[in-house]
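Here is a short tour of a protein model, starting from the whole chain and ending at its ligand. Please keep the viewer open as you read.

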Amino acid sequence: MVGELLKNLGVEASAYQGGNHAVYTPIDGSQIASVTLESPAAVLDKVEIAHKAYLVWRDIPAPRRGELVRLYGEVLRAHKAQLGELISIEAGKITQEGLGEVQEMIDICDFAVGLSRQLYGLTIASERPGHHMRETWHPLGVVGVISAFNFPAAVWAWNTSLALVCGNAVIWKPSEKTPLTALACQALFEVALKQFGDAPDGLSQLLIGDREAGEVLVDDPRVPLISATGSTRMGREVGPRVAARFGRSILELGGNNAMILTPSADLDLAVRGILFSAVGTAGQRCTTLRRLIVHRSVKDEVVARVKAAYAKVRIGDPRKDNLVGPLMDKQAYLFMQDALVKARDEGGVVFGGERQLQDEYPAAYYVAPAIVEMPGQSAVVRHETFAPILYVLTYDDFEQALQLNNDVPQGLSSCIFTTDVREAERFQSASGSDCGIANVNIGTSGAEIGGAFGGEKETGGGRESGSDSWRAYMRRQTNTINYSRELPLAQGIVFD
Ligand code: UN1
């Protein structure tokens with residue numbers, strides 16, 4: 001299924017055949033390739049090479065570094081359809097979303113190219129005569145990127161395009177479930193490197209390895225920054241390990257994203273927003289809508305409309321005309337069913353959630369998206385289950401809705417549907433949503449690259465992608481320059 005595609009994307013057959021690690025497609029559960037997991041010892045060599053590459057790359061002018069990323073964006077444009085298809089096959093997302101993921105990569109490349117001429121520092125007024133101060137931003141070193149199966153390409157691109165223009169080298173450890181997309185991204189990057197001409201060897205390397213290999217990367221003091229996307233459980237291990245060696249981390253972990261649906265909301269818009277955010281990518285985005293906090297006066301109507309929409313959602317092969325593809329694997333399915341059992345135990349009324357197309361695909365896990373009306377925000381609701389389950393909670397008073405929005409351990413994305421400007425502004429105020437993303441009349445998922453992406457609390461606090469997230473990939477330096485013939489001390493200290 002993937003041989004021809006990988007060949008067209010420039011991946012050598014030896015990279016995905018005859019390896020020791022099987023790769024499956026969630027579309028029908030069949031094995032599509034086998035890759036070789038690298039040994040922990042190989043990681044040390046990669047870091048060594050990457051560090052050497054960084055020593056050269058850091059002195060290349062940033063706009064010239066941007067040229068490499070510009071070329072990569074062009075290569076991605078030329079291969080968008082094929083890479084999108086590969087993402088569909090390996091991660092199970094529908095064609096539209098596979099293409100959307102590649103577009104997100106292209107967008108961040110464009111952003112990073114512009115940024116390569118805008119890595120601005122400050123000038124600062126000195127308190128001393130004949131002195132001035134400034135703040136400069138310098139490359140950091142080797143950046144370790146750990147990414148998850150659900151965005152097997154875009155999250156790497158967010159990190160790598162910024163890291164490269166900032167003068168760093170990159171080592172990427174993708175999810176073991178999606179190594180083929182990583183191989184393709186790397187092969188396309190090699191094309192851009194060739195066109196660029198004189199980039200140092202090993203500037204951006206792929207590390208296909210297991211957890212142990214990941215740990216070696218995380219523990220290596222030559223890797224000053226680890227940017228890790230995945231579960232809160234993973235972040236709980238990575239964060240302290242990096243901190244123990246005084247490294248930096250950008251953590252983008254679990255979400256438990258809510259929509260507050262108020263009585264004044266445009267319900268047509270809201271139902272469409274719910275549908276895309278709750279069932280898109282089969283509920284497997286970190287930004288997936290997991291909680292609907294709806295005003296009692298509109299709850300029955302909204303739930304009826306959402307159920308009617310759910311009943312019509314086409315589920316099946318993501319490359320065909322469907323809206324919902326498969327869950328990633330059996331484990332994801334079991335976690336989902338376990339959550340539904342718990343929800344029932346905690347007083348929930350479950351609609352949907354059953355396995356679909358079992359006869360056609362006995363080894364794949366398609367599910368009907370589930371809506372669960374809950375009596376309150378019980379344990380299962382407070383936990384992120386990476387599957388299409390939408391918990392419905394009812395509120396009477398706006399303050400209560402805000403409180404429910406914030407009363408979960410995670411803090412990634414949130415939204416409100418309202419036409420009441422007071423509610424909209426309050427939701428985005430200091431005492432409103434506590435999340436990294438707070439939208440008005442837009443769902444929780446599908447953020448653009450121009451904004452900083454990430455969230456608070458157990459989401460980990462990191463920010464990637466747009467705005468000034470680039471600063472996390474650089475080191476800040478404060479400079480004081482004396483152009484006088486005196487040596488005055490700060491704070492007026494006399495030391496003669
Ligand atoms: C993720 O699920 O890890 O906002 C990233 C979104 C996408 C990125 C999701 N732009 O839904």
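## About the model

This is a predicted model, in which local features need pLDDT of at least 70 and side-chain atom pairs count only at pLDDT 80 or more, while totals for chains, interfaces and linings use all residues. Residues are numbered from 1 along each chain as its sequence is written.

## The chain as a whole

The protein chain holds 15 helices and 23 strands; these are DSSP runs numbered from the N terminus, with helices (H or I) of at least four residues and strands (E) of at least two. Along the principal axes, its C-alpha atoms fill a box of roughly 80 × 60 × 40 Å.

Of the 496 residues, 52% count as buried. Buried means that 20 or more other C-beta atoms lie within 10 Å of the residue's own, exposed means 12 or fewer, and partly exposed is in between, with C-beta atoms placed from the backbone. Among contacts with a separation of 6 or more, 73% join residues 24 or more positions apart; a contact needs C-beta atoms, placed from the backbone, within 7 Å.

## A three-stranded sheet

Now look for an open sheet of three strands in the order S3-S4-S23, paired antiparallel. Its edge strands, each pairing on one side only, are S3 (122-124) and S23 (474-482). Two strands pair if DSSP finds at least two bridges between them, and S4 and S23 are joined antiparallel by nine bridges.

## His132 in strand S4

Where does His132 lie? This residue belongs to strand S4 (residues 131-139). His132 counts as partly exposed because 14 C-beta neighbours are inside 10 Å.

Beyond its neighbours within four places in sequence, His132 is in contact with Thr123, Ser126 and Ile481. The C-alpha atoms of His132 and Asn482 are 6.7 Å apart, although 350 residues separate the two along the chain.

## Around the ligand

The residues surrounding the ligand include Glu104, Asn150, Phe151, Arg285, Cys286 and Ser445, where being near means a C-beta atom, placed from the backbone, within 6 Å. The shell divides into four nonpolar, five polar and two charged residues. Here Ala, Val, Leu, Ile, Met, Phe, Trp, Tyr, Cys and Pro count as nonpolar, Asp, Glu, Lys and Arg as charged, and the others, Gly among them, as polar.

Terms used: Contact = placed C-beta atoms within 7 Å.
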